[in-house]
Amino acid sequence: MTFDLMNTFLASWLNSVPDDPFYLPRKPLWYPSEMANAPSFPSGASATVERHYALLLNPFYPKDPHASFGKHVLTPTLALTSIAAATPKHWRVRYWDENLLQGFAPVEPLPQVVGITVHLTFAKRAYALARWFRARGCTVVLGGLHVLSCPDEAGAHADAIVMGDGVQAWPVVLGDLERGAVKPRYAAMYDNDYNEDPAPRRELLPKESFLTTASLIATRGCHNRCGFCYLATEGLRMPYRVREPGDIRDQFERSGEPYAVFIDNNLGSKPDYLRALCQQLRPLRRIWSAAVTLDVTDDPWLVRDMALAGCTGVFVGFESLSDDNLAASRKRTPRTEDYARRIRLFHENGIQVNGSFVLGFDEDRTDAFARLAQWVETNRLECATFHILTPYPGTPLFRQMERENRLLHRDWEKYDTAHVVFRPKHMSPEELQLGYDWLYRRLFSVASIWRRRPEQRSAVLPYLAMSFLYKRSNRFWHLLVKHRLVHAVWSPLVHWTRFRHVAFRRRLIRHRVNGQWFAGSGNVVAAGV
């Protein structure tokens, strides 16, 4: 069967999602209890509190059944492992992530101090954990963005809160604890030399529970200050800072992982820095992905440098197909009419694109969902992520919605970009919720996955393998996570992708850019790529 016949067959037979974004009724999505409910609290616990023992906790949060359950175990957050690295040597540290489905944190013995990171969507769980540990004699310290935006709320549930850079504040908190003089509030801004921060303690992470434990962060901050983004939170001053490229290379090399994920807000904010980082990463012959803004494609040579250094995927915040929406949100980005050309530039360099889109801007109308789905498929985005516009507390968007009396409630658990928490301008809340649901059903369907397959036929099979594991396996993800099989299942696909990309680099060296032949550099040749 030819590709054209197969495309027709799949489109007609397997596309079970109606073209109407507002169709009803709809079959409920698969939602296992493990992905919806937090671990139960133990009925009893040791009365022994071990001095100089710190437990660092990432609370459970309900997973959105629309998206892939696998997205939560691709790579760990660096918040707690960075805090662990700042802990004095005479303290014992343990990391525990409730989202890895291993139950409640170990409590034999109890820790002297419990550090809990708080996001608004799991603030209630964080506060419940704080109450449980405080009732048993543990000192509880809360930190994270929600603490910065709602300090009075968080302070009522903790012995101490940290506002701002926890890496700087944490050693001070522990020092005060040892002296019996813990203060209720600590604050530290992001104004130190980023190279002074210790590297995260990745050895604390359960490697088998993630696709890769090589979470890397080379930069902090972003040159954009979008009104809806958490980086625009009032009181948060995060200048753009960078680490020495050689240090990032060393961290990647020491991890032993073939694949890394840069969790920077925008790795490409400083093109010269990104180019220097690529030069350091190129000899490793490993692969990586990162979040960048679309203006990184202003320089095709920089995109080429990324590919030659091992970049196989980018997460791009397109946000909207409306220039008016982007201007209103203060997003500095190329015009939407130029999006397609820039996507092709990534694809020509062997870089897959995961596009992120926000739904419910003031210029969005009910036809926005169908147009967006068609656009994603036409431009063959390998993956797309959708978010309902969400006014985070402390952001300009929140203040606007509050001022216009458009907030529906303040149930923070629903402020997760998967629920409508405000009144849209040109549609009802129900229509926005249905459109969000439809987009995921449409783009995660077999027919849509097939329509967006790479044009290069040799890339189709690995694309399908990864797409089906990531997007079509939600019935199995809770089992993979619970039985610590995530790394084992992903590993063959990662090694396959790395092997293919290293071979692709050799062909890329003599590929044409803007009418010129790119013959490679001495560094590339020396690396044997």
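**Contacts, helix packing and a pocket in a predicted model**

Residues 24 or more positions apart account for 75% of the contacts in the protein that have a separation of 6 or more, a contact being a pair with heavy atoms within 4.5 Å. The structure is a predicted model, in which local features need pLDDT of at least 70 and side-chain atom pairs count only at pLDDT 80 or more, while totals for chains, interfaces and linings use all residues. Residues are numbered from 1 along each chain as its sequence is written, and side-chain values use heavy atoms, with hydrogens and water left out.

The protein has 20 helices and 16 strands. Both are DSSP runs numbered from the N terminus, helices being H or I with at least four residues and strands E with at least two. Of the 529 residues in the protein, 57% are buried; buried means under 20% relative accessible area, exposed means over 50%, and partly exposed lies in between, with a 1.4 Å probe and protein chains only.

Lys 124 lies in helix H4 (residues 123-134). Lys 124 and Glu 413 are 289 residues apart in sequence, yet their C-alpha atoms are 7.6 Å apart in space. When residues up to four places away in sequence are not counted, Lys 124 touches Asp 411 and Glu 413. Ser 82, for its part, is placed in helix H3 (residues 79-85). Its relative accessibility is 14%, so Ser 82 counts as buried. Beyond its neighbours within four places in sequence, Ser 82 is in contact with Val 167 and Pro 200.

Helix H19 (residues 486-508) can be followed through two packing partners. The axes of H18 and H19 come within 7 Å and cross at roughly 110 degrees. Here the axes are lines fitted to C-alpha atoms, for helices over the stretch in contact, and angles run from 0 to 180 degrees between N-to-C directions. H18 is therefore roughly perpendicular to H19. The angle classes are roughly parallel under 35 degrees, roughly antiparallel over 145, roughly perpendicular from 65 to 115, and oblique for the rest. On the H18 side, Trp 477, Leu 480 and Val 481 meet Val 486, Val 489 and Trp 490 of H19. By class, the residues of this contact are six nonpolar, no polar and no charged. In this scheme Ala, Val, Leu, Ile, Met, Phe, Trp, Tyr, Cys and Pro count as nonpolar, Asp, Glu, Lys and Arg as charged, and the others, Gly among them, as polar.

The other partner is helix H10 (residues 300-308), whose axis comes within 9 Å of that of H19 and crosses it at roughly 140 degrees. H10 and H19 are therefore oblique to each other. Arg 304, Ala 307 and Leu 308 of H10 make the contact with His 501, Arg 505 and Leu 508 of H19. These residues divide into three nonpolar, one polar and two charged.

Between H18 and H19 there is a loop that holds Arg 484. Arg 484 is not a glycine, but has a positive phi of about 55 degrees. With a relative accessible area of 38%, Arg 484 is partly exposed.

Helix H15 (429-443) and helix H18 (474-482) each supply at least two residues of the lining, with H18 giving the most, three residues. The lining comprises twelve nonpolar, five polar and six charged residues.

Finally, a cis peptide bond joins Leu 24 and Pro 25, with omega about -5 degrees.
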